[in-house]
Amino acid sequence: MSTTITEVHARMILDCRGYPTVQVDVVAGGALGRADVPAGRSTGSSEAVELRDGGTAYRGQGVTRALANVNEVIAPAVVGRNAADQPALDRFLRELDGTPGKSRLGANALLGVSLAAARAAAACAGLPLHRYLRADSRVLPVPFVNLINGGKLTSNDLDFQEFICMPVGASTFSEAMRMASECHMALMEIVVSRYGKLAANTGDEGGFATPIVDVREALTVLREGVAAAGYADQMVYALDCAATHLWDAARRVYTVAGKEYTTDELIAFYGELVRDFDIVSIEDPLSEDDWDGWVAITADLGAKGVQLIGDDLFVTNPDLVQRGADLGAANAMLWKVNQIGTLTEALVAADTAFRNGYGVQVSERSGETEDPIIADLVVALNAGQIKTGSPVRGERTAKYNRLFQIEEWLGADAVYAGHDFRRPTALAR
Ligand code: PGA
Ligand code: ZN
């Protein structure tokens with residue numbers, strides 16, 4: 001059957017923040033593949049370039065240049081190419097752009113085409129995307145459910161960005177989601193009764209944007225919600241500190257809740273949180289520029305069994321992941337396809353991580369759409385862990401809902417990663 005690309009078209013849609021973004025249709029072998037491009041706000045400085053218009057329309061956030069690049073430059077060049085040869089297509093897209101950061105055509109233009117082509121090729125094969133990408137895909141991820149938001153994802157004064165519960169003690173993905181939803185409901189009652197009605201407002205990823213400032217208080221409240229739901233024994237906890245945004249590079253200090261910390265002091269603070277709150281995973285505990293600090297925290301908390309995830313540090317870039325592995329910085333990567341700009345490069349980054357014994361956590365962006373593609377991608381990778389927000393807001397539930405469908409499709413073949421979320425490859429066999 002032909003998988004030749006016959007049509008490529010990009011249009012503007014809105015993401016969950018009301019910002020314009022790119023949606024691409026690729027038709028190959030008569031089958032339609034469609035994909036949306038997400039956007040970050042709490043971004044790493046080495047992410048591939050997202051092309052925005054500037055000017056006044058949408059306060060500079062328009063994507064008409066990226067759309068024109070798809071419709072006028074990329075479309076005529078890729079029509080006639082094979083959607084089923086993703087590595088060749090993505091290499092071609094990169095060469096067509098020709099810049100290291102994908103700044104000429106825009107990573108948002110390239111990624112839309114790359115992902116839509118994968119969907120079209122899967123449709124030609126008559127397979128769901130996860131199974132098309134990998135014949136042994138069967139691991140359902142532990143959801144890292146972000147129930148309290150701070151940092152750049154809200155307008156409150158809580159400095160760490162995400163306070164997460166992880167239903168590792170569930171035996172299936174569906175059961176994990178039931179636990180997480182019940183914790184969310186229980187937590188809502190607690191935050192409203194303690195902090196007032198406005199405390200149930202949510203941040204960009206659906207977590208409560210409570211007026212809490214103190215990190216320990218946020219973790220205490222989160223744990224109370226989990227206990228009230230009856231899952232104290234099934235849950236462990238995670239943080240995304242997004243510490244690049246807490247770091248003063250000139251003075252080499254971090255500021256958390258108004259208090260200044262050196263790198264060593266902040267690592268000691270994390271050590272106390274790990275001890276007191278069952279925290280098993282910390283994302284971006286330190287700045288993307290504080291590589292020495294990353295090596296130190298990995299030797300300390302990493303050696304004690306804590307997962308340390310590089311988000312801004314690695315930006316889904318295989319070269320940066322390899323640098324981390326060579327130095328002993330972090331022991332897991334956050335995997336966001338739009339940080340690098342093509343599916344193939346993101347898959348190579350995940351491979352690099354797995355080869356070095358690093359975990360891979362597939363992640364949403366704060367600016368998402370209803371496109372659930374990361375649900376298929378996390379299963380395709382057998383990655384074992386996904387971070388896609390609270391179990392509320394349509395752009396977040398879209399991913400969870402797609403995972404329910406995949407779980408049903410896999411039937412008895414489905415395995416829930418549970419406690420093995422860092423090393424799920426054995427489960428895939
Ligand atoms: P972002 O936030 O999508 O705005 O980068 C999420 C994160 O930091 O993990
Ligand atoms: Zn992050």
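**Figure 1. Helices H7 and H8 cross with right-handed geometry in this predicted model.** A crossing is right-handed if the near helix is turned clockwise from the far one by less than a right angle, and left-handed if anticlockwise. Helix H7 spans residues 263–277 and helix H8 spans residues 291–302. Their axes come within 10 Å and cross at roughly 30 degrees. H7 and H8 are therefore roughly parallel to each other. Axes are lines fitted to C-alpha atoms over the stretch in contact, and angles run from 0 to 180 degrees between N-to-C directions. Angles under 35 degrees count as roughly parallel, over 145 as roughly antiparallel, 65 to 115 as roughly perpendicular and the rest as oblique. Helices are DSSP runs (H or I, at least four residues), numbered from the N terminus.

**Figure 2. Helix H1 packs against helix H2.** H1 covers residues 64–78, and H2 covers residues 86–97. The angle is about 140 degrees, with the axes 11 Å apart. That makes H1 oblique to H2. The crossing of H1 and H2 is right-handed.

**Figure 3. The largest cavity has a volume of about 100 Å³.** The structure holds 2 cavities of 30 Å³ or more. A cavity is a set of points, on a 1 Å grid over the protein atoms alone, where a 1.4 Å probe fits but cannot get out; lining residues have an atom within 4 Å of a point. Points are joined across faces, edges and corners, and the volume is the space filled by probe spheres set on them. The largest cavity has 13 lining residues. Pro38, Val337, Glu368, Ile373 and Ile374 lie nearest its centre. Helix H10 (337–340) and helix H12 (373–380) each give two or more residues to this lining. Domain 1 (5–126) and domain 2 (139–428) each supply at least three. Domain bounds come from an automatic or database domain assignment. By class, the lining has 5 nonpolar, 2 polar and 6 charged residues. Ala, Val, Leu, Ile, Met, Phe, Trp, Tyr, Cys and Pro count as nonpolar, Asp, Glu, Lys and Arg as charged, and the others, Gly among them, as polar.

**Figure 4. The second largest cavity lies between two domains.** Its volume is about 70 Å³. Of its 16 lining residues, Gln161, Glu162, Glu205, Lys336 and Ser366 are the closest to its centre. The lining has 1 nonpolar, 5 polar and 10 charged residues. Domain 1 (5–126) and domain 2 (139–428) both give residues to it, so this cavity lies between them.

**Notes.** Residues are numbered from 1 along each chain as its sequence is written, and chains are lettered from A and ligands numbered from 1 in the order in which they are written. Local features need pLDDT of at least 70, side-chain atom pairs count only at pLDDT 80 or more, and totals for chains, interfaces and linings use all residues, while side-chain values use heavy atoms, with hydrogens and water left out.

Key. On a 1 Å grid over the protein atoms alone, a cavity is a set of points where a 1.4 Å probe fits but cannot get out, and a pocket is an open set with protein on both sides within 12 Å along at least five of seven lines; lining residues have an atom within 4 Å of a point.
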